[in-house]
Amino acid sequence: SCHASQLCNCSSMGLDFIPSGLTAKITVLNLAHNRIKRIQSQDLQQAVNLRTLLLQSNEISSIDEDSFQSLEKLELLDLSNNSLAHLSPVWFGHLFSLQHLHLQGNSYRDLGQSSPFSSLKNLSSLHLGNPQFSVIRQGNFEGIELLHKLWIDGSNLSQYEQGSLKSIKQINHMILNLRNGNIFSEIVRDLLHSVTWLEVTEIKLPVGKKSLVQNSTRPFRIQKLTFKEAFFTDQSISRTIVSLKEISSLKELEAINCVLEGRGIWDTEEIARSGQSFVETVTVIKLMIQNFHLFIDLEGMESQINKLKRLTIASSNVFMVPCKLARHFSSLLYLDFHDNLLVNKRLNETICERSWPSLQTLNLSQNSLKSLEQTANYTSRLPKLNNLDISQNNFGEIPDACVWPKFLKYLNLSSTQIPKVTSCIPRTLEVLDVSGNNLKEFGLELPALKELYLTRNQLKTLPGAAPIPNLVSLSVRRNKLNSFSKEEFESFRRMELLDASDNNFICSCEFLSFIHHEAGIAQVLVGWPDKYVCDSPLAVRGAQVGAVHLSLMECHRSLVVSLICVLVFLVILLLVALGYKYHMVWYLRMTWAWLQAKRKPKRAPPKDVCYDAFVSYSENDSDWVENTMVRELEQACPPFRLCLHKRDFVPGKWIVDNIIDSIEKSHKTLFVLSEHFVQSEWCKYELDFSHFRLFDENNDAAILVLLEPIQSKAIPKRFCKLRKIMNTKTYLEWPAGEEQQQIFWENLKGALKS
């Protein structure tokens, strides 16, 4: 289980003993969460270069006295959560380099008669104690001069010998889990000169009047006191306030997850008599007050708050501060009321005229404010306010104009459900946060603005740079931004930071070219390159923008498509020209007619043949056909039945079907040929759709009548069979003389009867 870095991880392997074969190469050995019961002399003898030894959460109850003798380079030893019933100074005698020692969670009741840590001159952090730990004696911490962190679980500590912790000259941070309030005072007296930050958990503070500074070594070092999960009453909190005033070095008080049983009826007279407090910062987070709505207005505490500079009361059901009390916070610079129950009506009382006169920063986020216009108006009563956080209030709408503090520079309106931004937002701002509001655009003119946060909105483009010329930092993370151009980017002349991460970027050639070639853009983009990922094209989805390089074809796709379209158009144009020149359309039509004709029987059934002849002629020859030929043939004895398109075509039927049906229902097809016929479009159609069926060398169904002399070469070349028939078969020619005309009619009638 050892890696190249010489870290051996043997945790959670069900081991009952320390494995053999450990060498000098190992620097980190993790044996946590096993079932080891004993550490023997030879177990770690060869691991002379060990820096970290983790033995927590085993069942260790016995350690041989020289088990750690060879570990002179050990820096961290964790023996927490085992079954050690006592601690021996001999164990740690050779751990000259040890900096971190964890001994909490065992079963020892005390630290012995002397100090187990006297040889640990480099110790920086010490964790000890357990639910059975009950006694701290003088001399238990001898040899320790400086600790960065001291953590003692003394939840059941019942005996503390005065001066036991006094030997430690400096402790930066001490965490004390203590329930016995009487011992608390004795411990504090020994720590005032050494601890910078004292954190006490689970304590129930005493009501006694013992001094906290009696017999304490001066000067005092303690600056911060934190109570976690502590229990206060009206009486104990009054006494604590008085007692803490004696500690002149104390500047910060903190209460987290504490319970206050009372209604605020404090001994304000005694508090006032005890003088001025030196505390400048008070932080109260998640204070539980039973029946908080009955808590009184703390009248009489006015004299105790005028030196306070920073006040935080969060997640504690605060719904108002009486105006009279608010006016005495004369020195307060910072006020944090986030996650409480403030509403607009109570805010009018909390921020009344002449209240909070020095306030510069106000946090009202996560309350129940509904009107942005009223909120702005109330805060305008704060003459020095420059930083306002009213985020996570459900305003829902924003007016066109608002009254704000004159010198407001920072405004947080994130997650307030405002649908847009209007001129209600003051022009004096240097920092504006309107994240999480589903904004689709941002076009406000804010000439002094330096930082703009538009995270979690619906913006598709970067906001315009002209209305915000001094912008230094812009965040448009998690919007609908899919790209931004070189021009948009460079329009922000003072931009130093741009956070456009977590957007779905379209990795177009233009965008990629800009990203790859823009000098210094990697230093400007926050989260680059990990948080900038392509969403399209599909081939590069999920890839980092900076790593994508598209091919030349992909980058000039529109040009390629345009060229292809032009080429296709030219080819079509060429085909049209060739088709026109070589009568391609005619050949296509003939092919279609041939296919149509192939699907029908060669000859119609006799019962369907109802005409002697279908007459095909040019409109310019209609006078001769209709007035001369039709009269002569249809009035003959017996009369001939002729099919004329003007008279006999079925109305509404497709012209092509009419032509084919008429030819098929006629015994003969009579073509009246002339120069006009050759040029007539409809005559061409009639020839087209009868060509394959009629113009067969062995077929005499076609009768050609030359109305005027016409050379076969004048007939278009595409009518190749017509030209051939005219060259090989006899046709009737309309004569000029009357005698010849009579012979013409006889011959025509004979041809129709054949």
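Buried here means under 20% relative accessible area, exposed over 50%, and partly exposed in between, with a 1.4 Å probe and protein chains only. The model on screen is predicted, so local features need pLDDT of at least 70 and side-chain atom pairs count only at pLDDT 80 or more, while totals for chains, interfaces and linings use all residues. Residues are numbered from 1 along each chain as its sequence is written, and side-chain values use heavy atoms, with hydrogens and water left out.

**Loop residues with positive phi**

Select Asp-339 to begin, in the loop between strand 21 (334-336) and helix 5 (344-350); helices (H or I, at least four residues) and strands (E, at least two) are DSSP runs numbered from the N terminus. Asp-339 is partly exposed, with a relative accessible area of 32%, and its phi is near 60°, a positive value in a residue other than glycine.

**The nonpolar cores**

A nonpolar core is a set of buried Ala, Val, Leu, Ile, Met, Phe, Trp, Tyr and Cys residues joined through side-chain atoms within 4.5 Å. The largest has 163 residues, and those with the most contacts inside it are Phe-68, Phe-141, Phe-484 and Leu-498. A second, separate core of 23 residues includes Ala-613, Val-630, Leu-707 and Trp-734.

Centre the view on Leu-498, whose contacts (heavy atoms within 4.5 Å), not counting residues up to four places away in sequence, include Leu-462, Phe-484, Phe-489 and Tyr-532. Then select Leu-95, in the loop between strand 6 (76-78) and strand 7 (100-102), which is buried with a relative accessible area of 0%. Leaving aside its neighbours within four places in sequence, Leu-95 is in contact with Phe-68, Leu-71, Leu-74, Leu-77 and Leu-120.

Strand 17 (residues 259-261) pairs with strand 19 over 2 bridges, and the bridge partner of Leu-260 in strand 19 is Ile-289.

**The largest pocket**

A pocket is found on a 1 Å grid over the protein atoms alone, as an open set of points where a 1.4 Å probe fits, with protein on both sides within 12 Å along at least five of seven lines; lining residues have an atom within 4 Å of a point. Of the 42 residues that line the largest pocket, the closest to its centre are Trp-266, Val-282, Val-284, Leu-298 and Ile-313. Colour helix 2 as well, because the largest share of the lining, 4 residues, comes from helix 2.

**Two cis peptide bonds**

Finish with the bond from Ser-536 to Pro-537, which is cis with omega near 0°; Pro-537 sits in the loop between strand 30 (533-536) and helix 10 (552-555). The bond from Cys-637 to Pro-638 is also cis, with omega near 0°, and Pro-638 lies in the loop between helix 13 (622-634) and strand 32 (642-643).

How values were computed
Pairing = 2+ DSSP bridges.
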